[in-house]
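Student: I would like to learn how to read a few features of a protein model. Please take them one at a time.

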Amino acid sequence: MEVNTKKKSVLFVQASFFAALLIIAIVGGITYKTTKNLSDATDLVVHTYKLNVELEQILSYLKDAETGQRGYILTTDSLYLEPFFSGREKINNTFAELKELTRNDKVQQENLVALSKLIDNRMANFDKSATFILFDSLKTEDFAEVFLEGKHMMDAIRDKIASMIALERAQLSYRQKAYKSSLNLTPVFLFALILLSLALVLIAYFKTAKDVKDLKRTNQELEIFKESTNQAEIISRHGNWVYHIEKGTYDYSDNLYRLLGEQPQSFEPTTENFMSFVHPDDLEKLQEDVAKMLENEHLPFIHYRIIQKSGNIRYLKAYGQTIELDGTRKLLGTTTDVTDEIEGIKLLEERNAELERNNKELSAFNHVASHDLQEPLRKIQTFLSRLVDTEENNLSEKGTLYISRIQNAATRMRLLIDDLLQFSRTNKIEKNFVTSNINLLLENAKQDLAEAISESNAEIVADNFPVMDVIPFQIQQLFLNLIGNSIKYQSKGTEPKIKITYERINALEDDKLVKPKKEFYHKLEFTDNGIGFSNEYAEQIFVLFNRLHNKSDYSGTGIGLSICKKIIENHDGYIFADGVSGEGATFTVYLPIS
C-alpha cells in the first residue's frame with residue numbers, strides 16, 4: 001500500500017510539472033500569436049494608408065492633368081500640357097502599385113478595374129479637348145460639351161476613389177475591433193494561465209517537499225531496518241548474498257563474512273575466494289552445485305562444510321531464488337549456519353541408538369521376567385505346595401504361618417511379574433489400529449472377569465458403542481483394568497454397580513479438553529459406587545507402582561491404571577479420574593475420531 005502511494009505521489013508531481021510546462025508553452029504560443037496579430041494590425045494600417053495614399057495620388061495626378069488642360073485652353077501654351085503628358089505615366093505606375101496592394105481583395109480588384117476604365121475615359125476626354133485646341137477646330141458648344149463630359153467623369157472617378165477608400169477604412173475598422181477584443185481578452189487569459197502555472201508549480205513544490213521529508217523518514221526507517229536485519233542475521237546465524245546474473249558478480253552481507261570467520265567485506269566476494277573456505281571433501285560437490293545454479297539460475301537447498309582460519313568446522317545450508325527488479329535479473333540467496341542443528345541431530349541419533357540399546361535390554365529383561373524369573377517362582381510355589389501336602393502335620397504353628405506368608409509373597413510376585421509384562425507390551429511402539437466392535441471387546445473383558453463379577457455380584461450396565469479404529473487387545477485390557485478396579489475397590493457390605501456411558505462430543509465444547517488435537521472424540525465414562533478417592537490424588541493414581549491403599553487391605557501392584565494411561569496415550573487420547581471418598585469414582589476416556 002505504501003509503495004503504491006509513493007508511486008501516485010511521484011506521478012502527481014510529474015504531472016504537475018508537465019502541466020506547468022504545457023501552460024508556459026501555451027502562454028508563449030499565445031504571446032507569439034498576439035505579437036503577430038499586432039504586427040498584422042500594424043501592417044494592415046500601413047496597407048490601408050498606402051492604398052489611400054495611392055488612390056489620393058491618382059486623384060491628384062488627374063487634377064494636375066485637368067489644371068494643365070485648363071491652362072492650355074486659356075493660354076494655348078503647350079507648357080501647360082506637361083502635367084497632362086507626365087500624369088498618364090504616373091497614373092500607370094500608381095495603378096501597378098494598387099494592383100499589388102489589392103491582390104488579395106477581390107472587391108477592391110473589381111473596383112480598381114472600374115476605376116481604370118473611368119480614368120481611361122477621362123484621359124480620352126483630355127485627348128479629345130487637346131485635339132480641338134491643337135487644330136483650332138474648337139467650337140463653343142463642342143467645348144462646353146467636352147468640358148461638361150470631363151467634369152462628370154472626374155466626379156465619377158472621385159466617387160469611385162471615395163468608395164474604395166471608404167471600403168478599406170471599413171475593413172480596417174472591423175479588423176481593428178476584432179484585434180482590440182482579442183487584445184483585451186489575451187492579457188486576462190495569459191494572467192490566468194500564469195497564475196494556474198504558478199499554482200501547479202507551488203503544489204508540486206510543496207508535494208515534493210513533503211515527499212522529500214517522507215523520503216528522509218523512510219531512509220531513517222530503512223537504516224533502522226537494515227541494522228535490525230544485520231542483528232537478526234547475527235542472532236539467527238545466517239547471511240545473505242546476491243548474484244548479478246548479467247554482470248556475473250556477487251554481493252555478500254556482512255554476516256556472511258562472519259559465518260566464514262572473517263571480518264565484514266574483508267575480501268572480494270567471488271566464487272574462487274568463497275571456495276577457499278570450503279571443506280576439501282565437499283568442494284567438488286559444491287562446485288557442481290554452483291555450476292548448476294549459474295546454468296539454471298536457481299539453487300535448491302544444499303549442505304556443505306567450511307573450515308574457518310581458526311580451524312573450526314562449520315556446517316552451512318544455502319538456498320537461492322531468481323527475481324527480476326527493474327528489468328535486471330538477480331539471484332537472491334541465503335546461507336545459514338546449521339552446525340548446532342547438525343550436532344543436535346547427531347546427538348539425537350546417538351541418544352536414539354542408546355535408547356534402542358536400552359529397548360533391546362528391556363526386551364531381554366522382559367524375556368528373563370517372562371521365562372527365567374517365572375520358572376524359579378513356579379518351582380518355589382510347587383515345592384511349597386508339596387511341603388504343605390506332605391509335611392503340614394509335622395510343622396509347628398509358627399512354621400505353618402511362615403509357609404503361608406511365603407505362598408502369599410510368591411503369589412504377589414507372580415502377579416507383579418504378569419503386570420510388568422502387560423505394561424511392557426503396552427509400551428511397545430507398534431500400533432496396529434483396526435476398525436473394531438467395541439461391544440465385543442467389552443464382553444471379552446467381562447468374560448475374563450467372570451469369576452470376580454460372580455463372587456462380588458457386580459452389576460455392569462453399558463451403552464451401545466459404535467465401531468472404532470483402535471488397537472483391539474489394548475482397548476480390551478482397558479475395559480479389564482477399569483472394571484477390575486471398580487470390583488476390587490468396592491465398599492464393604494455393598495454390591496458393585498458399574499455404569500459405562502458413551503457420547504460423541506465436540507472437543508471445543510468439553511471443559512476437560514485443553515488444546516485438543518482433534519475436533520471430535522469418543523467419550524466413555526466408567527462410574528462406580530466404590531470407596532472412591534480424594535481428588536487431590538487424581539493424577540497420582542496413574543503413576544507406576546503408586547498405591548493409595550495398604551496392600552494388606554486391597555491386593556494389587558499399582559500398575560493397572562498406569563497401563564490404562566499408556567493405552568490411551570497410544571491412541572492419542574486422554575484419560576481423567578474424578579473421585580469422592582466413600583462414594584465412588586469416575587474415569588473419563590477420550591478417543592479421537594479420525
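This is a predicted model: local features need pLDDT of at least 70, side-chain atom pairs count only at pLDDT 80 or more; totals for chains, interfaces and linings use all residues.

Student: What share of the residues is buried?

Tutor: Buried means under 20% relative accessible area, exposed over 50%, and partly exposed in between (1.4 Å probe, protein chains only). Of the 594 residues in the protein, 35% are buried. One example is alanine 65 in helix H1 (residues 2-75), where the relative accessible area is 1%. Alanine 65 is 23 residues from arginine 88 in sequence, and their C-alpha atoms are 8.6 Å apart.

Student: How many salt bridges does the structure hold?

Tutor: Side chains of opposite charge can pair when their charged atoms come close. The criterion is a side-chain nitrogen of Lys or Arg within 4 Å of a carboxyl oxygen of Asp or Glu. By that criterion the structure holds 14 salt bridges.

Student: Which parts does the salt bridge of glutamate 262 with lysine 309 tie together?

Tutor: The closest N and O atoms of glutamate 262 and lysine 309 are 3.6 Å apart. Glutamate 262 sits in the loop between helix H5 (254-259) and helix H6 (271-275), and lysine 309 in the loop between strand S3 (299-307) and strand S4 (313-325), so the pair ties together parts that are 47 residues apart in sequence. Glutamate 262 is buried at 13% relative accessibility, whereas lysine 309 is exposed at 68%.

Student: Where does the salt bridge of aspartate 282 with arginine 305 lie?

Tutor: Here the closest N and O atoms of aspartate 282 and arginine 305 are 2.9 Å apart. Aspartate 282 belongs to helix H7 (residues 280-296) and arginine 305 to strand S3, 23 residues apart. Aspartate 282 is buried, with 15% relative accessibility. Shared partners join Asp281, Asp282 and Arg305 into one salt-bridge network.

Student: Are lysine 497 and glutamate 459 buried or partly exposed?

Tutor: Both count as partly exposed, lysine 497 at 44% relative accessibility and glutamate 459 at 41%. Their side chains form a salt bridge of 2.9 Å, N to O. This pair links strand S9 (residues 497-506), which holds lysine 497, to strand S7 (residues 459-462), which holds glutamate 459, 38 residues apart.

Student: At what angle do helix H11 and helix H13 pack?

Tutor: Two packed helices are described by the angle between their axes and the distance between the axes. Axes are lines fitted to C-alpha atoms, for helices over the stretch in contact, and angles run from 0 to 180 degrees between N-to-C directions. Helix H11 (residues 438-448) and helix H13 (residues 472-488) pack at about 50 degrees, with their axes 9 Å apart. H11 and H13 are therefore oblique to each other (angles under 35 degrees count as roughly parallel, over 145 as roughly antiparallel, 65 to 115 as roughly perpendicular and the rest as oblique).

Definitions and conventions: Residues are numbered from 1 along each chain as its sequence is written. Side-chain values use heavy atoms; hydrogens and water are left out. Helices (H or I, at least four residues) and strands (E, at least two) are DSSP runs, numbered from the N terminus.
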